[in-house]
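Good morning, and thank you for coming. Please look at the sequence and the model on the screen while I take you through them.

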Amino acid sequence: MAAKKASKAEPKKLGFKYTLFPDLLFKRENRPEWLEQWQADQRHYHVLILRYLMPIGILVWLWHYFFFDIPMNLQPPLGWQIMRVGLSTLMLISWAFHFIGPLLNRIIFDSPQS
């Protein structure tokens, strides 16, 4: 009985893994010739989009604090300030990583920390 449950769970694990990293479906020895170009294109567009969207997100978080949280008198004010400024700082750090060359050449360029 336990073997059946393990066999049913295995495809779900693999499906999730291949959803996150679709290029793992290709074995190293028979990778298609277009795969490297596709990965380079994906990396380029991911970095290009985030270089523009991250600063907008930072400004939106800060704008929200000054033009919504303060006028609506959300309580506790220090808690909202810490959250908005903290998330803006995390986004700023993540945005800065998109300008460091060696980090952009990783295999997992679109991982959550990026």
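Predicted model: local features only at pLDDT ≥ 70, side-chain atom pairs only at ≥ 80, totals over all residues.

Helices (H or I, at least four residues) and strands (E, at least two) are DSSP runs, numbered from the N terminus. In those terms, the chain has four helices and zero strands, and from the N terminus its elements read α-α-α-α.

Residues are numbered from 1 along each chain as its sequence is written, and side-chain values use heavy atoms, with hydrogens and water left out.

Let me turn to burial. A residue is called buried under 20% relative accessible area, exposed over 50%, and partly exposed in between, with a 1.4 Å probe and protein chains only. Of the 114 residues in the chain, 18% are buried.

One of the residues I would like to show you is aspartate 69. Helix H2, residues 35-69, contains this aspartate, which is buried at a relative accessible area of 2%. Contact here means heavy atoms within 4.5 Å. Apart from neighbours within four places in sequence, aspartate 69 is in contact with His64, Leu74, Trp80 and Arg84.

What is the distance between the closest N and O atoms of aspartate 69 and arginine 84? They are 2.7 Å apart, and the two residues form a salt bridge, that is, a side-chain nitrogen of Lys or Arg within 4 Å of a carboxyl oxygen of Asp or Glu. Aspartate 69 lies in helix H2 and arginine 84 in helix H3 (residues 77-97), so this pair ties together parts that are 15 residues apart in sequence. Both aspartate 69 and arginine 84 are buried. The structure holds one salt bridge.

Next, the aromatic rings. Rings of Phe, Tyr and Trp (its six-membered ring) pair if their centres lie within 6.5 Å; planes under 30 degrees apart are stacked, over 60 edge-to-face, and the rest tilted. There are two aromatic pairs in the structure. One of them joins tyrosine 65 and phenylalanine 66 edge-to-face, with 5.1 Å from centre to centre and 75 degrees between the planes.
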